[in-house]
Structures are given as structure tokens and as C-alpha cells.
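Here are my notes on the model, as numbered points. Please read them with the structure open.

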Amino acid sequence: MKLLLLSLGLALVSSQAQEIVDPVTSNFDLSKISGDWYSIYLASDNKEKIEENGSMRFFVERIYVLEHSSLYFKLHTIVNGECSEVPFVCDSTGKDGECSSDYNGHIVAHILETDYVGYLIYHAENCNNEGKSQIMALYGREPDVSPSVKAKFLEYCRAHGIAQENILDLTKINRCLQARDNALV
Ligand SMILES: *[C@@H]1O[C@H](CO)[C@@H](O)[C@H](O)[C@H]1NC(C)=O
């Protein structure tokens with residue numbers, strides 16, 4: 001039993017060691033951001049957009065990389081109390097880590113920082129006839145991330161002029177985990 005625990009412990013240590021990857025802030029390799037993600041934090045300078053029934057209140061399940069570096073986001077949002085799937089395609093603009101979409105007016109999103117295996121932070125600008133707003137999100141490969149990654153995100157929000165009270169902690173609300181493909185019903 002002791003041996004089993006010891007080898008289990010060693011296996012955990014070595015799998016954690018592999019997870020330490022340097023954060024990237026440029027020259028993004030989009031193929032590495034594909035796969036499962038969880039929405040951890042969501043922020044906006046226009047809080048209405050990310051609050052209940054807001055047009056940018058999405059919870060991510062998975063990112064697929066399409067041809068020509070376009071990204072397909074499998075998202076969920078809550079409509080009349082029910083989680084519903086939102087397909088969202090963001091086309092590469094050709095700039096490093098940047099894509100755009102004509103959803104809800106026009107959206108231009110770019111990755112600020114990621115380590116591919118643990119977290120992803122992006123910034124988006126949404127323009128429509130109501131005006132311009134910023135959206136920022138922290139995605140994690142697991143349902144939660146470390147306090148140091150959260151602190152990083154808060155710092156990026158501060159740098160973009162988004163007030164602390166406009167940052168939502170999605171780990172504390174219904175973010176449609178039960179609607180995911182791998183959900184344990
Ligand atoms: C969101 O929409 C639902 C259904 O239309 C409504 O019952 C609920 O009060 C709305 N919530 C807010 C905060 O506006």
C-alpha cells in the first residue's frame with residue numbers, strides 16, 4: 001500500500017512537472033489553444049454586457065482551430081434559465097493571436113497571455129450601434145486556476161481600465177458545467 005501511494009505520489013509530481021510551461025505573450029501558436037476550456041473570470045467596462053441576460057455573457061466549453069487559423073468556440077449562455085449552446089466563429093485577422101467576428105455588431109479579440117496547458121487570457125472589443133465596450137476573459141483548462149493566474153488576470157483588467165467591481169468570478173455561479181459533453185449528470 002505504501003509503495004502504491006509512493007508511486008502514485010511520484011506520478012503526480014512528474015505530471016505536475018510537465019505542466020510547467022512558460023507563459024507566452026506573442027507569437028502565439030493557435031493550434032495549441034484548441035481543446036477544452038472553462039470560463040473562470042469575465043470582465044467588461046460595460047458590466048451590463050456580462051451580467052445576467054447580457055449579450056456577451058458566455059461560458060466556454062471547447063475551442064477548435066479551423067482552416068486559415070479561424071477559431072470555433074463552443075460556448076453556452078443561459079436563456080430563460082436554460083443553458084443553450086452558442087456557436088461562435090472568430091476569423092483570423094492575420095495579426096498575431098487576433099481574430100474578428102461580426103457577432104453582436106463587430107468583435108475583435110486578441111490573446112494577451114497563455115501557457116496553453118493551464119490558462120488563457122484574452123481581450124476583446126465589441127463595437128455596435130450602442131457604442132464600444134471591452135470584454136476580458138480568463139479561461140482555464142480545469143474548472144479553476146491558481147491564485148497567481150487569477151492575480152495576473154486582475155492585473156490585466158486594471159491595465160485596461162476595468163474596475164474590480166466589473167469582474168465576475170464565474171466559478172461561483174451557474175456556468176453551464178452540466179451542459180458540457182463530458183458532464184457527470
Ligand atoms: C433575464 O431574463 C429572464 C427571462 O426573460 C428574466 O426572467 C430575468 O429577470 C432576467 N434577468 C435580469 C437580471 O434581467
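1. Asp 36, Glu 61, Arg 62, Lys 74 and Asp 181 are joined in a network of salt bridges. A salt bridge here is a side-chain nitrogen of Lys or Arg within 4 Å of a carboxyl oxygen of Asp or Glu. The structure has eleven salt bridges.

2. The model is predicted: local features need pLDDT of at least 70, side-chain atom pairs count only at pLDDT 80 or more, and totals for chains, interfaces and linings use all residues. Residues are numbered from 1 along each chain as its sequence is written, and side-chain values use heavy atoms, with hydrogens and water left out.

3. The chain contains two helices and ten strands. These are DSSP runs numbered from the N terminus, helices being H or I with at least four residues and strands E with at least two. Along the sequence the order is α-β-β-β-β-β-β-β-β-β-α-β.

4. Of the 185 residues in the chain, 42% are buried. Buried means under 20% relative accessible area, exposed means over 50%, and partly exposed lies in between (1.4 Å probe, protein chains only). The chain exposes about 10400 Å², and carbon and sulfur atoms supply 54% of that area. Accessible areas come from the Shrake-Rupley method with a 1.4 Å probe; for residues, only the protein chains shown count as cover.

5. Among contacts in the chain with a separation of 6 or more, 54% are between residues 24 or more positions apart. Contact means heavy atoms within 4.5 Å.

6. Side chains of opposite charge can pair when their charged atoms come close. Glu 155 and Arg 158 form a salt bridge, with their closest N and O atoms 3.0 Å apart. The two residues are separated by about one helical turn, because they stand three residues apart in helix α2. Glu 155 is partly exposed at 41% relative accessibility, and Arg 158 is exposed at 58%.

7. Another salt bridge links the side chains of Lys 150 and Asp 144 (2.9 Å, N to O). Lys 150 is buried, with a relative accessible area of 15%, whereas Asp 144 is partly exposed at 42% relative accessibility. Glu 51 and Lys 47 also meet through their side chains in a salt bridge (3.8 Å, N to O). Glu 51 is partly exposed at 34% relative accessibility, and Lys 47 is partly exposed at 26%.

8. Where does Arg 141 lie? Arg 141 is in the loop between β9 (131-140) and α2 (147-159). Arg 141 is buried yet has no salt bridge, and the nearest side chain of opposite charge, Asp 36, is 6.5 Å away. For charge, Lys and Arg count as positive and Asp and Glu as negative, while His and the chain ends are not counted. A polar atom of the Arg 141 side chain lies 2.8 Å from the backbone oxygen of Tyr 116. Leaving aside residues up to four places away in sequence, Arg 141 touches several residues, including Trp 37, Tyr 38, Tyr 116 and Val 117.

9. Which residues are around the ligand? They are Glu 52, Asn 53 and Asn 80, each having a heavy atom within 4 Å of the ligand. A polar side-chain atom of Glu 52 is 3.1 Å from a nitrogen atom of the ligand. For Asn 53, an N or O atom in the side chain is 2.3 Å from an oxygen atom of the ligand. For Asn 80, the corresponding distance to an oxygen atom of the ligand is 3.5 Å. The ligand on its own has 360 Å² of accessible area, of which the protein covers 35%.

Note on methods. Polar contact = N/O pair within 3.5 Å; in protein donor to acceptor, adjacent residues only side chain to side chain.
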